[in-house]
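Work through the exercises below with the sequence and the model at hand. Try each task before reading its solution.

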Amino acid sequence: MLTSMGISILQPVPTDHWLVRGTPAGIRTVQEKFPSVTSSLVPKQVKTSERTEQLLHGASLGSKKKGHGKPHCSRVLLSDAPNTSSLDRSALDAGDSASDWLPDLKQYKTRDGRPQFVLDVSGPALTTVHNAFTDSPERQMAKAEVEDWAQELRGGLAASLSLEAGDTCQPMVQSVNVLGTLSLVVCAEHAQDATSWLAEQDTVVSIGLKHRAKLLNLHASATIQNGPQSSVLPDDFASKPQLFPIWQAGITGEGQLVGFSDSGIDMRSCYFWDPTYADYQDNPDNIKNTTDKDGVKFEHFFNTGHRKVTSYHWFRDKSDGTGHGG
């Protein structure tokens, strides 16, 4: 419906907000048709969450920074949230401070020992790619476009920080995603200024701090079985078995065939390992070739004799050795 009114939807912004682009007349039409929807020109402070601001400024919960300056006039934030004053509903517990969370951030050090943080930056989707993991001409064009965007931001950021060419705190592009996101490594001493500069850029939609990856399988199990938890969960099942009613009922999944969708499976994990199929990636007896409805060909593992994995459709790679999806 928004598209039919000439509104371009750029991306959702947590929570219950949408970043859109449109003419003033189009925005007025939306508000007339949907009275509960509010709109505002996008101020720069919505590009970072409240938690990110707290971490960047080392402030305790409640001392919220009031934005970065003038709003951009080309974009509009539409919201149907009952309270639009806070964009980050996943706030820290009241007793926590930003310093408590700093060790959880992904951190590096320069060769001369200066601490570095990683900023996750997203922009509007630069190019629509039907299948981001297919090596198609469209994907190659999108990749070149987003890499150019990343280098423009890196260069502009370095200039804004007045860093000399040999300075160990030169910002670095750690990774770039074809869908329009990138990770920038900056020195901790420059993280606040870097975020403020990035928020000024028209091509930047959001900025966040990358946290260390850690396994929260037990927490996820409790949430799935008993709904969202309002407090920190125990690290063992036995201390609060009431949080796991499905397991309490004896339903463990044993003997059941389930489907799972993510970036990959670590087939060498003890949970999936079957020595009979150690060569599953290379043995032609285990590899099937399939063509999807769009004519894209892909390989996948299929063998009902495997002790754990019956079928494994991979798109980007055939394994997951980093713990991301396994």
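Predicted model: local features only at pLDDT ≥ 70, side-chain atom pairs only at ≥ 80, totals over all residues.

Residues are numbered from 1 along each chain as its sequence is written, and side-chain values use heavy atoms, with hydrogens and water left out.

**Exercise 1. Aromatic pairs**

Find the aromatic pairs and classify the geometry of each.

Step 1. Use the rule: rings of Phe, Tyr and Trp (its six-membered ring) pair if their centres lie within 6.5 Å; planes under 30 degrees apart count as stacked, over 60 as edge-to-face and the rest as tilted. The search of the whole structure gives two aromatic pairs.

Step 2. Take Phe 244 and Trp 247. Their rings are 5.1 Å apart centre to centre with 10 degrees between the planes, and the pair is stacked. Phe 244 is buried, because its relative accessibility is 2%; Trp 247 has 33% and therefore counts as partly exposed.

Step 3. Take Tyr 277 and Phe 301. The ring centres are 6.2 Å apart and the planes stand at 80 degrees, so this pair is edge-to-face. It links distant parts of the chain, with Tyr 277 in the loop between helix 7 (245-248) and strand 10 (287-291) and Phe 301 in strand 11, 24 residues apart. Tyr 277 and Phe 301 are both buried.

**Exercise 2. Nonpolar cores**

Which residues of the largest nonpolar core touch the most other members?

Step 1. Recall that a nonpolar core is a set of buried Ala, Val, Leu, Ile, Met, Phe, Trp, Tyr and Cys residues joined through side-chain atoms within 4.5 Å.

Step 2. In the largest core, of 24 residues, Leu 119, Val 121, Leu 153 and Leu 198 touch the most other members. At least two residues of this core come from each of helix 2 (50-57), strand 6 (115-122), helix 4, strand 8, helix 5 (191-200) and strand 9 (206-209).

Step 3. Look for another core. Apart from the largest one lies a core of 10 residues, among them Met 267, Phe 301, Val 309 and Trp 314.

**Exercise 3. Salt bridges**

How many salt bridges does the structure hold?

Step 1. A salt bridge is a side-chain nitrogen of Lys or Arg within 4 Å of a carboxyl oxygen of Asp or Glu. The structure holds five salt bridges.

Step 2. One of them joins Arg 114 and Glu 189, with the closest N and O atoms 3.2 Å apart. Arg 114 is in the loop between strand 5 (107-109) and strand 6, and Glu 189 in the loop between strand 8 and helix 5, 75 residues apart.

Step 3. Another salt bridge joins Asp 120 and Lys 210, at 3.3 Å between the closest N and O atoms. Asp 120 is in strand 6 and Lys 210 in the loop between strand 9 and helix 6 (217-226), 90 residues apart.

**Exercise 4. His 300**

Is His 300 buried or exposed?

Step 1. His 300 is in strand 11 (residues 297-302).

Step 2. With a relative accessible area of 7%, His 300 is buried.

Step 3. A polar contact is a pair of N or O atoms within 3.5 Å; within protein, one must be able to donate a hydrogen and the other to accept it, and residues adjacent in sequence count only if both atoms are side-chain atoms. The side chains of His 300 and His 313 make such a contact, at 3.5 Å.

Methods: Helix = DSSP H or I, 4+ residues; strand = E, 2+ residues; numbered from the N terminus. Buried < 20%, exposed > 50% of the residue type's maximum accessible area, 1.4 Å probe, protein only.
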